[in-house]
Amino acid sequence: MKPSHYNYHPTFPLVFAILLAFSAASTAVAQPHDQFLQSSIRILRFDTETTPKPLVIVTPLLASHIQATILCSKRHGLQIRIRSGGHDSEGLSYVSQVPFVLVDLVNLRSIDVDVESRVAWVQSGATVGELYYRIYEKTRTLAFPAGSCPTIGIGGHLSGGGYGVFHRKYGLAADNVIDAHVIDANGRILDRKSMGEDLFWAIRGGGGGSFGIVLDWKIKLVPVPPTVTGFSVTKTLEQNATQLIHQWQYVAHRLPKDLFFLVTISRANETVQATFSGLYLGLVDELIPLMETRFQELGLTKQDCIETSWILVMYMSQFPNNTLESLLNRTAANKTWFKIKSDYVKEPIPESVFAEIWPRYFNEDEGRYGSIVLVPYGGEMDEIPETQTPFPHRAGNMYKIIYTIGREEEENLDFQRYLSWIRRFYEDMTPYVSKSPREAYVNYRDLDLGMNNGSGITSYAEASIWGLKYFKNNFRRLVQVKTLVDPQNFFKHEQSIPSLSSW
Ligand code: FDA
């Protein structure tokens, strides 16, 4: 990305001031932008008539538009919310209880892939689907280790870590960032050198919306074989799913880094099923003997596998006709009322939990809409020191649990029932997961863990309640960086890193 893209544009403050005045006079001003609001909202909990709306939505075309928006918002005493892909699970990128300006980066999504140097510059408004597509159109032997949902935005995803099918081999998306441009609370555009290593550390996993607006990221691309193997095996309770899940815990995090396989558990008709699926960075003739040695009980056969490119393994089931252009579609295919929670597991969970507690929840009426995913760690994740980035869940974690519940929109849906289901389930898992703190993944924002208080002045002790869960001892350094770079706490939301000088 050429620095000249980021020149300041002096007329923009005027445009913004006019928009603000206009929006104060007429609520209709947001109408032309509703398409952006709608297209990015993934979670219908925040798409209601009573959800607070922004005074204005700014969709910058240039960095100078963001600079002007920051300066004008400060002058008018308005909060800013930043949206890249809009997947924040608590709507923090587009909902605020105080008057606010929404900066939607949908128009800043250029991607520049340099195959020879194995790097790319990607703007925050791009989605991971767009990034994967642009890499793949140039080469079959490079990839980027990030998440699997194609509509996730680069801005929020890299800000919080970003795991996926390659993290056991190459670490998280944030581990593979080598430079970035950030606009700080004073409207300055900083690169890695000018921002310094502390801020560069903080933006790679410290959670979005706390330190500034990241314009773009320079990322390291990683080598992949042109042909890899994908596989999937589904077992019901009657087919020994319980024992297999229990056994999986001992196996998955110890496998070679080239093999990633997770378990998805959900209700199927009158039973519970577990789907074991994954990606192997090699051919099926190597995978089968490896699985026979390490996890024979699963009974993986060639018929359960397919050899193809990494991108097709990830998306074949979503785009059955190999229409990879669908990766360029930013609009989420399905939108649901949705709640997510996460846990980390350091000791194997007893089989009785999978045999008794989990089926009980899935057999409840609400359980039809719930699912649990077990994501293996180990491999490279064990080798990256806990303090290298703010993301602290490294060695010692066998796997992550993701709890979700989601329903398609229906009139008069009593979503409290579904929230209660996931909260009870999470509560019942307390004895079996990480403790002191009970760790959680910041990219699965969960306001049940605690919140900054509404006045915007939150003490270190108050914020530690959720901060230590997301960042463990890295939270302290995040607060120090925040205090240095944004002492007045301009960039804030319900779980933003607090500045010590603001209280
Ligand atoms: P969004 O735009 O909502 O931003 C999220 C947060 O980052 C907000 O606080 C926002 O203000 C801030 N932010 C956004 N852009 C910023 C910028 N440019 N500069 C500074 N702050 C910024 N995760 C994962 O690791 N692997 C996975 O496979 C998946 N899969 C997945 C599927 C689905 C359906 C959902 C809803 C979520 C995931 N996630 C995930 C979680 C995902 O990584 C997380 O929600 C990201 O924050 C989403 O980034 P967006 O840019 O889309 O969100």
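Colleague: How many bridges join strand 7 to strand 9?
Modeller: This is a predicted model. In it, strand 7 and strand 9 (residues 213-220) run antiparallel and are joined by six bridges. Ile183 stands opposite Ile213 of strand 9.

Colleague: And what is the strand order in that open sheet of five strands?
Modeller: The order is 4-5-9-7-8, with antiparallel pairing. Strand 4 (111-114) and strand 8 are the edge strands, each pairing on one side only.

Colleague: Which strands does helix 4 lie across?
Modeller: Helix 4 (residues 128-138) lies across strand 4, strand 5 (119-123) and strand 9, and runs at about 35° to strand 4.

Colleague: What about helix 7, which of its residues are buried?
Modeller: Met195, Leu199, Phe200, Trp201 and Ala202. These buried residues pack against strand 7 (177-183), strand 8 (189-190) and also helix 15 (474-485).

Colleague: Switching to strand 15, how many of its residues are buried?
Modeller: Nine of the ten in strand 15 (residues 336-345) are buried, so the strand is largely enclosed by the rest of the structure. Strand 15 pairs with strand 17 (residues 399-408) in the antiparallel sense over ten bridges. Tyr344 has Lys400 of strand 17 as its bridge partner.

Colleague: At what angle do helix 11 and helix 13 pack?
Modeller: About 175°, with the axes of helix 11 (residues 351-363) and helix 13 (residues 415-428) 11 Å apart. The two helices are therefore roughly antiparallel to each other. On the helix 11 side the contact residues are Ile357, Trp358, Arg360, Tyr361 and Phe362, and on the helix 13 side Trp421, Arg424, Phe425 and Asp428. By class, that contact has six nonpolar, no polar and three charged residues.

Colleague: Arg424 again, then. Which residue forms a salt bridge with it?
Modeller: Glu364, with the closest N and O atoms 2.9 Å apart. Glu364 is in the loop between helix 11 and strand 16 (370-376) and Arg424 is in helix 13, so the pair ties together parts 60 residues apart in sequence. Arg424 is partly exposed, at a relative accessible area of 33%.

Colleague: How many salt bridges are there in the whole structure?
Modeller: A search finds 30. Another of them joins Glu439 and Lys346, whose closest N and O atoms are 2.9 Å apart.

Colleague: Is Glu439 buried or exposed?
Modeller: Buried, at 2% relative accessibility. Lys346 is partly exposed, with a relative accessible area of 29%.

Colleague: And which residues are linked in a network of salt bridges?
Modeller: Arg45, Glu90, Lys339, Lys341, Arg423, Asp446 and Asp448.

Key. Residues numbered from 1 in each chain as written. Predicted model: local features only at pLDDT ≥ 70, side-chain atom pairs only at ≥ 80, totals over all residues. Heavy atoms only, no water. Axes fitted to C-alpha atoms, helices over the stretch in contact; angles between N-to-C directions. Helix = DSSP H or I, 4+ residues; strand = E, 2+ residues; numbered from the N terminus. Parallel < 35°, antiparallel > 145°, perpendicular 65-115°, else oblique. Contact = heavy atoms within 4.5 Å. Nonpolar A, V, L, I, M, F, W, Y, C, P; charged D, E, K, R; others polar. Buried < 20%, exposed > 50% of the residue type's maximum accessible area, 1.4 Å probe, protein only. Pairing = 2+ DSSP bridges. Salt bridge = Lys/Arg side-chain N within 4 Å of Asp/Glu carboxyl O.
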